[in-house]
Amino acid sequence: MLEFVPRNNAIPDTSECIVLELIVISTINGVLFGMLLFLLSSGLTVIFSMMGVLNFAHASFYMLGAFFGFQLTRWIGFWPALVLAPLLVGAIGMAVERYGLRSIHKHGHVAELLLTFGLAFAIEEIVSMIWGKSPMDYRVPALLDFPAFTVFSTNYPAYKIFMLAVSGAIFVALLITLKRTRVGLIVQAALTHPNMVAHLGHNVGRVFMLVFGVGAALAGVAGVIAGPALVTQSDMATLLGPILFVVIVFGGLGSLSGAFIASLFIGLVQTFAVALNGSLAGAFGPLDPSFGPSIITDIWNVTISQIAPILPYVLLVLILIVRPMGLMGSRET
Amino acid sequence: MIDAATSVPKVVVTARAQRLRFYGVWVIAAVALIVLPFIFSSGGSLTSFSLIGISIIFALSYNILLGQTGLLSFGHAVHYGFGGFLAIHVMNAVTAHEWSIPLPFIPLFGGIGGLLLALVIGWVMTKRAGTVFAMISLGIGELVASSSLILRSVFGGESGITTDRTALPHMLGWSFGPQIQIYYLIAFWLMISAIAMYALTRTPLGRICNAVRDNPERVEFIGYDPHVVRYIAYGFAGFFAGIAGGLSAINFEIANSAYLGAAQSGIVLFATFIGGTAYFFGPILGAILVTYLQLGLTDVTTVWQLYFGIIFIGIVMFAPGGIAGLLMMHRPLVRSGTLGMVIPSYLVALVPTLALACGVILAIESVARYAQGEGSGSNIDLLGVPFNAASPLTWFAAAILIIGGFFVARISWRRIAQAWDRAATVARDRGYLA
Amino acid sequence: MRKTLTMTVLALSVLGMTAMSAAAEDTLKIGYIDPLSGGGASVGEGGLKTFQYLADELNAKGGILGHKVEIVPLDNKTNPQESLIQAQKAIDSGVRYITQGNGSSVGAALEDFVTKHNTRNPGKELLYFNYAAVDPSMTNEKCSFWHFRWDANSDVKMEALTSYMKGVPSIKKVYLINQDYSFGQSVRTEARKMLAAKRPDVQIVGDELHPLLKITDFSPYIAKIKASGADSVVTGNWGQDIALLLKAAADAGLKVNWYTYYAGGAGGPTAIKQTNLNHQVFQITEGIPNSGYQPAVDFEKAFRAKANMSLWYPRAVNEMRMFKLAAEKAKSIDPVKVAAALEGMEFDVLDGGKGFMRKDDHQFFQPIYISSFGNLTDKETFDEENTGWGWHLVSKIDTPQTMVPTTCKMKRP
């Protein structure tokens, strides 16, 4: 059996400067990760607030965006791909809505969810069929491949700043569209009075198709941009999928600002948790060895950084107990 | 459980004959289970039957949530897993402390494991229903599955925990080493669980669950709290899922975190939904089909996941009642004797539809093998005819089959619809609702 | 329309039925149980191609004792339960040798299953040839007579690595980062133990365990490594965990040496080239393409031409060739006799040098190579994954310096 080795990190006593460095870096990293999550969840929120459909295949659209972006970059370069790939994904989204979701709308939301669930499976398999299962060599465009600035001796790649800028721009654009334009007014009305909107004579079918397409295109943009930064591989969707749902439940179903806050919050929490090495053992000293290997020893010795990836789910449970409609949710489904 | 409502039939069926038919079905099922190993006695068949048996119990337990109470859960496997782990720990404890609990009682502990977990997490989960419940189940399922990797002492980390089922006290002289004894153990628990779950659907609790599924607001008016009802249903579902997990632990003599994972939850969702959630025997059919596909499909193709996805999408779009729903649709026709009017159109539609299916399979397999780079060396063995994945002939054939098959099939489907119209009208005239 | 669904479903079931195939009686079947679909498929398919190539090579020379060797692919989807189902299927169709490598959790489950099966079914024994599952417990407390391991287990590799590090005085501060599961934990435990014994002056400035295959952004970990002032990082990470780790390091401009087990796995070379870490990433393997040993170079050339991939598993070559030798020595293909002939056998490994299968625990010991990934000299002809970069030999540790003791108490039949 393995000897009983304490798991806390053996970092020597850090000086104030290093602690400050860690905090600053973690904040920046957390914001970057959070913005990526927001980019993904914005599309999902728009679709859900408009149509009540929870698109299980949203992460798959993200993956399609990354792979299309990769392939198009190879053929025509990154910048044209940045425009073209989301359009392609959006078109696929519209087709899914027109030929798939529309005909099962009458069977209820559960049936729609199941359709997108099956779709997620199929898309993942088609992608691995065509591109294989190994990671793709998706590069950062040469224009952005330099360190933007240096923080405490750590370089920050310009590409990540670009990602931040795009996510911010999209958030602003979405907010303006929703609050100032006519289409936005309809979407907002659909948030609280979906039936009335239909009664008022809007071509509900066409609007749905457009909204679904836009949502998918947003996921596609996230994919094109995140592809070079993360690994572009056929299991991208399954890795990011569950966190996406946590984000929108946490932020409140149907609320864009809620999704924004939730993404940032979860991004920061996860990044900070990784940076911390605290554990109960670190705080209170090792447990009496007579406890031996048992649940108590496991919980005592686990460090916060080890549980960092499951913290979003813990947050999900907490928000459900404390405030079931999410932070800024306005609709109780 | 919904029964397709029938009007008073011409022939009066006596209560006695009805009861005979009802119990007859269960007796036949029991006899079939006992006799099956004698007809198919190869090792592979026994393994398959054992797996199918476990899968049936699991799918039936899932249907308590999905079909009966309207709760779509993406994390049902956590109860299955908990049941499996508790069973494994009990088995190891029995061996270590030499208690006198023989192996057949172990699945009960599995059930208790599943029930305990359901009681703990069920209260929070069943606060909401519908799509929100689905998302919550996904999140909590992931939470439990990931936690199992952290709590190493209980869950054994990635390698899991093993046990030796022959080390427990023997019962009736059986050591439960050979697969056939395990099969009978599984068959026994299958009968008990199925009878119990069916009985559950017939109780007032089962009916109130249906009511909560259909109209929770109204249920509140008549004085029941939907939250409590869902919670109880969740507990039962967890219990039976735990039994399935315990049997699985006995069968494989290992339990690891994959038992709890999202993949396992996905498979049971497939099985139950494809089989049909509106009828009791739906999940049984679905479990048999999906287990069979899982065992056999991976041998012939590497893209089995795609076929699963396509089948699932197809069922959701065209046959949301599942296979059971499709079969039961024919019941009024059978009763009124008009089934013969639709059979010829089915047979006519069979050929172009099969052609379409073959075309699609050919296309998918060619892309799969071509993309993998083994195009020149591999053949697709479709119904005994070898097709070379890289030759243009194959693609041409696939295109013809798909396009031609689709157009011809469409015409034949229209004819089926017309034949159905006629048969249904006749059935209605004779007093059977169709 | 609705009826077509039943039809399609039935059609697909028919398709499933065509999986029945009766093979010729005189073939020697080896079941290859590894992922051929899903996440691990890229690695599993590579292994399958390797074994098929080796089987063809054996068959060209008359097979094993006149029997044609056939590799039976069995997809386990990297799932222990599925592996047991596939093993049972293999047994039911007459297979008596199985080989597997991807995932120690699967390996441990298979080892347990094979031992139980052989005990309960005398006369129908099965042998398990392990080519890549490196959990040390499989040849220590969980050892089995029916299991043979050709890959140096993680303790052996750490022994070789620390022997190398003993002779590199520039290594002063080491950071350990590993995946939080049995393999990652054994890497860190052994690294600490062995470094303390061989280089007590080396300071371990960090020791990190992160969840397996769940982290998408390693920059916080890179920040910690930077803050610690380490000059070397030792990691057992594989798959996307090594790719993302190296990417994050390159992004942040971190300049350290990386001592890894699996940086050369599928997708690894591409990631290293992408991050431009020239000769900073080291790997511990039992053979490299640019070793300079002529028979190995010839083999690599022929293999790459036919299989269209570089040879990931020199140990698979050793496994198959030793299998043939053992069968010839035992004059039989009965598993019990072959096992008796295999243990203790000495063999000239593919990349040159002597290896042997230790009788006490059925662990194969062989020379271990430390190599670094970067641009190649003129004499080095093999690059990886079309990146133009390849593995350059840094050090060769001979077999005696790789030996570790074992706690195995093997039960012999």
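A salt bridge is a side-chain nitrogen of Lys or Arg within 4 Å of a carboxyl oxygen of Asp or Glu. The model is predicted, so that local features need pLDDT of at least 70 and side-chain atom pairs count only at pLDDT 80 or more, while totals for chains, interfaces and linings use all residues. Residues are numbered from 1 along each chain as its sequence is written, chains are lettered from A in the order in which they are written, and side-chain values use heavy atoms, with hydrogens and water left out.

**Exercise 1.** Describe the interface of chain A and chain C.

*Solution.* Begin with contact, meaning heavy atoms within 4.5 Å: 42 residues of chain A touch 44 residues of chain C in this sense. Next take buried area, the accessible area (1.4 Å probe) that two parts lose on being put together, summed over both; for this pair of chains it is about 3400 Å², with 57% on carbon and sulfur atoms. Within chain A, the residues losing the most area to chain C are A:Lys133, A:Val274 and A:Gln306, together 15% of what that side buries. Finally, the count of salt bridges between the two chains is zero.

**Exercise 2.** Describe how domain 1 and domain 2 of chain B meet.

*Solution.* The bounds, which come from an automatic or database domain assignment, are 40-321 for domain 1 and 331-429 for domain 2. Their C-alpha centres lie 34 Å apart, and seven residues of domain 1 are in contact with six of domain 2. The area buried between these domains is about 450 Å², and B:Thr302, B:Val303 and B:Tyr307 supply 63% of what domain 1 buries there. Between the two domains, zero salt bridges are counted.
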